[in-house]
Structure formats: structure tokens, C-alpha cells
Amino acid sequence: MPRVETVAADTPFGERLRTGLGYPLRGAALPTCVVIALLHYVGLLPSFIGALASALVWAATWRYAADCLLHTAHGYADPPDVGSDGNDASGWGLTAIHLLLVALCVIAIVFFPHLLWPVLIVSALALPAIDMSLAFDGNLALALNPFNWKRVIGSFGAAYLIPVAINLLLGVLIVLASISTALLPRLLALPLFAFAYTYLIVLAFHLMGAMIHQRHERFGIELEAEKLVAASNQDADSRLLDEARRLAVDDPLAALRQLAARLQERTAPTPVHQFYRELLHRQGLRDDLLVHGQIWIAALIAQGEPRRALGVLQECGGIDGEFVPDDPRTCGELADLAARLGMSRLAIHLCRGYLAHWPRDPQAPHYGLLAARQLAAHADQHAEATALLDRLAAEWPDHPQRAEIDAQRRQLASPA
């Protein structure tokens with residue numbers, strides 16, 4: 001079972017606000033916001049079809065925002081995946097409420113201008129309570145009940161002004177977007193502002209979820225994240241680390257054995273790996289550090305954390321200058337990543353290691369060419385790059401990348 005990232009209920013809201021700004025940009029939230037923003041193009045379809053399609057997109061937006069609120073309220077740190085358990089009625093209810101609010105504002109502007117500000121003020125104060133009620137149970141009648149608003153607002157006190165301010169900001173952004181759309185080509189303005197709307201909606205609901213999480217006992221919520229952590233035995237890792245730290249004071253080798261046993265059982269969290277390496281450093285166990293480095297790098301790649309794997313690789317390289325991952329796929333993936341990140345020296349080292357350990361692998365020409373391109377960026381290494389390309393051309397005459405190899409050779413041979 002993947003590790004469940006959680007947040008403590010007593011985390012200060014200031015910290016939740018600071019970290020929450022990046023919430024819509026990580027995990028499943030970012031691709032969801034991008035896809036929803038692009039789906040707003042359906043609004044350009046003619047007549048009734050475009051209106052219905054836009055309504056479906058907005059319902060999906062509010063449904064995902066409601067899922068984020070619930071996920072956060074139950075103690076999860078990361079955004080939910082699309083399609084996680086949720087209430088479809090929440091999405092439609094939230095869409096209806098916000099469309100109704102827009103309609104009321106339009107009616108006030110056209111027929112009753114003096115009522116516009118009262119409508120805006122009441123809406124801004126009541127909307128967070130309505131949103132939270134709909135997100136939890138999708139009951140429109142309950143969400144529109146003023147007595148329910150009073151109960152929700154009373155549960156938060158002055159902190160309720162935070163989601164009010166966020167909703168006001170959202171409204172201002174929508175107005176600005178509608179005005180600014182005329183200044184940009186519509187095909188460009190539409191997804192840009194749609195992404196901004198979606199980002200702010202997800203952020204607003206995440207922060208409301210964080211406020212509910214802090215007060216979950218008042219709302220009678222049993223935190224799902226805590227139950228899942230207990231079921232997956234994650235707390236056992238925290239106890240193991242505490243015990244290993246105590247044991248390491250008098251018997252570091254026993255602490256190492258204890259941690260090594262845990263590392264052999266199943267995918268271990270980062271703190272266990274880090275403390276294990278710290279103990280190995282203290283004991284000067286150089287070979288064990290390299291062995292563990294191979295294991296951890298492979299685990300990080302499998303978990304989709306190649307950047308952290310690069311960090312472990314660099315640490316091992318400081319111990320043994322010839323160190324490279326012991327699997328060609330891992331070595332190659334890290335070489336490609338190092339090249340993309342501009343870590344030329346590390347990319348060249350990994351490519352050389354790839355060619356040294358797996359010279360007949362079908363991907364060897366690719367990493368030879370990658371090394372040559374990195375070397376070609378330095379005038380004093382052109383000779384090595386040329387020699388490498390000549391060797392690749394001789395050893396792989398029929399490889400699909402032969403044309404690229406020849407092109408790179410001609411580029412290096414050019415006087416320019």
C-alpha cells in the first residue's frame with residue numbers, strides 16, 4: 001500500500017495557508033485543473049450544445065473541488081485522484097448555487113441597482129457555509145437553510161472570514177476575466193482564465209477543508225486518513241525510528257540491524273532510509289552505503305521520485321567516483337533526467353557508466369549520443385566527443401539513431 005501523507009489537525013492555519021497555495025499545483029490536482037481549463041473550449045460550441053457542455057464542465061469543476069474539501073477535512077495532505085469516492089449531487093448543487101448567484105447579481109444590476117450591494121454582501125457571507133454543506137452531503141435544502149448557515153459560522157467564529165475573503169477574491173477574478181477577455185484573442189483568454197478560476201476554486205475548497213479538519217470533532221468527523229494510516233501500519237515506522245534512535249546511542253550496530261530488517265520487509269518511508277544511512281556514515285561502513293544506495297535509488301525510481309534518486313546517486317558518487325546504478329533502465333532514466341536538468345557532468349558520468357556496463361544494450365547508442373552532445377558543449381572535450389561518435393558509428397552501423405550520430409559528427413567537424 002502506498003504511503004498515506006497526512007497533516008496533523010493542530011497544524012497552525014497560517015502554515016496550512018502557506019502550503020495550500022501550492023495545493024492545486026501538485027499531485028492529481030494540477031492535471032485536473034489543466035484538463036478542466038481546456039474543456040472550457042466546449043463553451044464555444046453553438047447554441048444549446050455549448051451551454052449544456054459548459055454546465056457539465058462546471059459541474060465537474062465543483063465536484064472535484066468538493067472532493068478536495070472532503071479529502072482535506074479527513075486529514076489527507078495531497079489532493080484526491082479524479083474519480084475518487086464523492087457525491088455527484090455536490091457538483092450539481094454547487095453549480096446551481098453559483099449560477100443562481102450570478103443570475104441574482106444580473107437581475108439586481110438591470111432592475112434593482114440599489115439591491116446589488118446587499119445581494120453581494122449576503123452572498124459573500126453565506127456562500128462558504130453553503131459550499132461546505134453541499135460538499136459534505138449534497139443536500140441543497142439544508143445548504144440553503146439560514147439556520148444551517150448560523151450553525152456553520154458559529155463553529156468557526158472569526159476564522160470564517162477567511163473563506164469569505166477567498167470567495168470575494170474569486171468573484172473579483174471572474175469579473176476581471178470577463179472584462180479582460182475582450183482584450184485577448186478568445187482562444188487564448190478562455191483556457192488561461194479558466195485555469196485561474198479552477199485553481200482558485202480548488203484552493204478555496206482546500207482551505208475550507210483545512211478549517212473543518214482543525215475542528216473535526218465539532219462536526220463529528222472521524223478522520224479517514226488516521227484510520228488508513230493505522231491500518232497500513234505507518235505509525236509503526238515512527239515507533240521503529242524512535243526505538244532505533246534510542247538504541248543507536250549505546251549499540252549503533254543493533255540499531256542498524258533493526259532498520260535493515262525493516263528495509264527488507266516492504267517499501268520503507270524516506271525517514272527510515274535516511275536514518276539508516278546516517279548510522280552507516282557514523283560507523284564508516286562505506287561498502288554498505290553503496291549497497292544501500294543501489295537499493296534506495298531503485299526504490300525511488302519505482303515510486304516515481306527520480307529527482308530524489310539523483311540526490312542519493314550524487315551522495316554515493318562522493319563515496320565512490322565510479323558509482324552508477326546497477327540496472328540499465330535506472331541508469332538511463334537518471335542520465336536523461338540529469339541532462340534535462342542541466343547537470344551535464346553527472347549526465348556524462350552516467351552515460352559513460354552505461355556504455356561501460358552495458359555496451360551491447362540496444363539503448364547504448366542513445367546514451368552514447370547523449371554523452372557526445374553533453375561533451376560537445378565544452379570546447380576542450382570535442383576530441384572525446386568525436387572519438388565516442390566514431391566508435392558508435394562503427395559498432396552500430398544499422399541503428400535507428402545512426403543518422404543523428406552522423407549529424408552530430410558533422411556538426412563537430414564543422415569549423416564553426
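**Helix packing and an aromatic cluster**

R257 has its place in helix 12 (residues 252-265); helices (H or I, at least four residues) are DSSP runs numbered from the N terminus. This is a predicted model, in which local features need pLDDT of at least 70, side-chain atom pairs count only at pLDDT 80 or more, and totals for chains, interfaces and linings use all residues. Residues are numbered from 1 along each chain as its sequence is written, and side-chain values use heavy atoms, with hydrogens and water left out.

**R257**

- R257 counts as exposed, at 54% relative accessibility; exposed means over 50% relative accessible area, buried under 20%, and partly exposed in between (1.4 Å probe, protein chains only).
- From C-alpha to C-alpha, R257 and Y276 are 9.4 Å apart in space, and in sequence they are 19 residues apart.

- R277 is found in helix 13 (residues 270-283).
- R277 is buried, and its relative accessible area is 3%.
- Leaving aside residues up to four places away in sequence, R277 touches L289, H292, G293, W296, E315, C316 and I319; contact means heavy atoms within 4.5 Å.
- The axes of helix 13 and helix 14 come within 10 Å and cross at roughly 165°. Axes are lines fitted to C-alpha atoms, for helices over the stretch in contact, and angles run from 0 to 180 degrees between N-to-C directions.
- Helix 13 and helix 14 are therefore roughly antiparallel to each other; angles over 145 degrees count as roughly antiparallel, under 35 as roughly parallel, 65 to 115 as roughly perpendicular and the rest as oblique.
- Helix 13 and helix 14 have a left-handed crossing, a term used if the near helix is turned anticlockwise from the far one by less than a right angle, with right-handed used if clockwise.
- On the helix 13 side, T270, H273, Q274, Y276, R277, L280 and H281 make the contact, and on the helix 14 side D288, L289, H292, G293 and W296 do.
- The residues of this contact between helix 13 and helix 14 are four nonpolar, six polar and two charged. Here Ala, Val, Leu, Ile, Met, Phe, Trp, Tyr, Cys and Pro count as nonpolar, Asp, Glu, Lys and Arg as charged, and the others, Gly among them, as polar.

**Helix 14 and helix 15**

- The axes of helix 14 (residues 286-302) and helix 15 (residues 306-319) cross at roughly 165° and come within 9 Å.
- That makes helix 14 roughly antiparallel to helix 15.
- Where helix 14 and helix 15 cross, the crossing is left-handed.
- In helix 14, the residues R286, L289, L290, G293, W296, I297, L300 and I301 meet P306, R308, A309, V312, L313, C316 and I319 of helix 15.
- The contact of helix 14 with helix 15 has 12 nonpolar residues, one polar and two charged.

**Aromatic rings**

- Five aromatic pairs are found in a search of the whole structure. Rings of Phe, Tyr and Trp (its six-membered ring) pair if their centres lie within 6.5 Å; planes under 30 degrees apart count as stacked, over 60 as edge-to-face and the rest as tilted.
- The ring centres of W62 and F205 are 5.8 Å apart and the ring planes stand at 50°, so the pair is tilted.
- W62 lies in helix 3 (residues 47-73) and F205 in helix 9 (residues 186-214), so their pair ties together parts that are 143 residues apart in sequence.
- W62 is buried, with a relative accessible area of 4%, and F205 is buried, with 2%.
- W58, W62, Y197 and F205 are linked into a cluster by ring pairs.
- W62 and W92 are 7.7 Å apart in space, C-alpha to C-alpha, and 30 residues apart in sequence.

Terms used:
Helix = DSSP H or I, 4+ residues; strand = E, 2+ residues; numbered from the N terminus.
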